[in-house]
Amino acid sequence: FFRFNFGAFFCFLRFDFLALFARLIRGFCSPSRPGAHMAVATSDVERLLERFRTGVLVPPKSFSHPSVPNVLPSTYDLLDLCHAIMSLCGLRPPTATEDHLQLRNRILAAAGFAAPEEVERLVFVIIDGFGMASILRYLPASSFLRSHVATQLRSLFPATTTNVIPMFDTGVPAAVHGLLAWDIFDPDTIPPSVVTCFECPLPVFQRIRPPAEAVTPFKGLIDPAQAEVWIHTPYGSSPYTQWAAQGIPADHIRAIPMRDLEQSLRDVLQVASEQSQGSRPRRVPKQIHFVYTDQVDHTLHMHGALSPEALLLTQKVDTVLSSFIRTLQTFPRAGRTLFVATADHGHVHVTPSVHAASTPASLAPFRAVPRAGENRFLLFQVPPEAFAVFEAAFRKAFGSHFLLLTLEEVDQLRLLGRDLLPEWSRAHLGTHLAIATGHSEVLTPMYVGEHGGLSPDEMFVPLIVCSTSGAP
């Protein structure tokens with residue numbers, strides 16, 4: 001979970017300049033100043049709703065507004081999948097709806113199982129950045145992946161690893177866990193400073209400090225008398241992974257090479273092989289493997305979703321997963337294995353010279369405003385007395401590229417989850433959130449491939465399901 005530090009790159013000048021900015025804004029907004037009444041902000045909510053109506057942007061499943069029916073071919077989202085996986089592990093999901101049971105049963109049926117008890121080995125793979133668009137764009141209908149797509153899922157908003165992975169570790173959405181981006185605000189400093197979530201020396205939830213009962217890592221809660229849990233990730237030694245893996249034996253947290261899906265799955269095969277040969281006896285009925293790989297996300301960031309590299313890697317993922325299933329078929333009781341794979345988000349291809357919204361001159365008026373988030377959605381911490389002028393100035397500079405919402409509007413639209421934001425989460429999200437208006441806008445060019453917004457390519461991800469008994 002380490003990545004280029006967006007906070008260090010984008011972090012704007014803090015204490016003295018913020019104070020100066022606030023003083024300037026107060027003076028500008030003073031009733032005695034001619035024209036002060038002109039700085040009246042308007043809401044971008046209707047512009048967002050219109051993009052939802054036309055399909056330019058995809059509403060999260062949690063979204064709610066009377067004028068926009070939230071009906072899409074993608075019935076389920078990644079939170080439903082997380083709860084379905086928890087159910088397969090014998091756990092009761094927090095804040096779940098009946099949708100997760102429907103999805104769980106659909107997964108079992110697609111793999112040829114009648115009940116969760118029939119599954120002896122569950123392999124759950126998260127392929128970072130591997131959106132549905134890559135599969136549809138580059139693979140024929142006869143390919144392994146396309147023939148095993150059980151359904152299309154919606155990601156969560158924002159469509160980022162830092163949002164989705166904590167959800168898969170805790171079973172709660174961003175509205176509860178509060179980790180929207182690599183950079184969030186630390187309200188304990190005055191003015192609030194920007195911190196990079198997964199690079200702080202303490203586990204990130206020690207900064208956000210939600211109640212323990214609200215955000216609890218669930219993998220360690222799986223009954224060790226019923227199932228043994230294995231985690232395969234390049235970030236096994238990171239503070240965050242150590243927090244998320246509480247209760248799991250240290251030798252079950254397998255450190256795998258970065259950006260190598262094939263080696264990640266080979267590690268699963270090694271554990272399964274050792275058990276089938278008796279060198280690592282299995283003493284419980286079920287074995288559960290959680291696998292995370294960042295190979296696709298890295299490649300698409302560097303080369304873009306429309307690049308030759310994206311085509312070649314998508315074909316490789318298809319080959320690697322098919323080979324993994326065929327190899328697993330040769331193991332004893334292989335037919336009892338359920339394989340489930342998905343992604344945390346997809347990618348959009350960005351041409352910086354065309355789609356970058358900012359220039360040094362356009363950013364200059366905002367340098368005193370602390371900013372966090374990522375390149376297709378942005379968090380701002382604005383002094384209350386500066387709201388109107390900030391909103392007017394931002395929309396004038398970037399309104400054709402970004403929609404600007406207050407945190408209250410985000411909350412009322414339920415963009416981050418079905419429930420209202422709790423205080424511990426609100427404190428880290430600032431006062432305003434900006435969302436890219438379409439497919440490929442970014443504030444400042446960083447990568448060829450980007451994500452975090454609400455476009456279809458970012459929001460739709462595959463649900464790939466098969467069992468070793470019916471694999472090709």
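At the start of helix H4, a side-chain oxygen of Asp77 comes to within 3.2 Å of the backbone nitrogen of Leu79. Keep in mind that this is a predicted model. Now look along H4 itself, which covers residues 78–88: 11 of its 11 residues are buried, so the helix is largely enclosed by the rest of the structure. Among the buried residues are Asp80, Cys82, His83 and Met86.

Next stop: Tyr292, which sits in strand S7 (residues 286–293). Is Tyr292 buried or exposed? It's buried, because its relative accessibility is 8%, and the cut-off for buried is under 20%. Leaving aside residues up to four places away in sequence, Tyr292 touches several others, including Ile126, Thr161, Pro234 and Ile256. His232 is on that list too; it's 60 residues away along the chain, yet the two C-alpha atoms are separated by 6.4 Å. The side chain of Tyr292 also makes a polar contact with the side chain of Asp128, at 2.4 Å.

Now for the charged pairs. The structure has 13 salt bridges. One of them joins Asp169 and Lys219, with their closest N and O atoms 2.5 Å apart. This pair links distant parts of the chain: Asp169 is in helix H8, while Lys219 is in the loop between helix H10 and strand S5, 50 residues apart. Both Asp169 and Lys219 are buried.

Another salt bridge connects Arg47 and Asp44 (3.4 Å, N to O). Here Asp44 is buried at 3% relative accessibility, whereas Arg47 is partly exposed at 27%.

Key:
Residues numbered from 1 in each chain as written. Predicted model: local features only at pLDDT ≥ 70, side-chain atom pairs only at ≥ 80, totals over all residues. Heavy atoms only, no water. Helix = DSSP H or I, 4+ residues; strand = E, 2+ residues; numbered from the N terminus. Buried < 20%, exposed > 50% of the residue type's maximum accessible area, 1.4 Å probe, protein only. Contact = heavy atoms within 4.5 Å. Polar contact = N/O pair within 3.5 Å; in protein donor to acceptor, adjacent residues only side chain to side chain. Salt bridge = Lys/Arg side-chain N within 4 Å of Asp/Glu carboxyl O.
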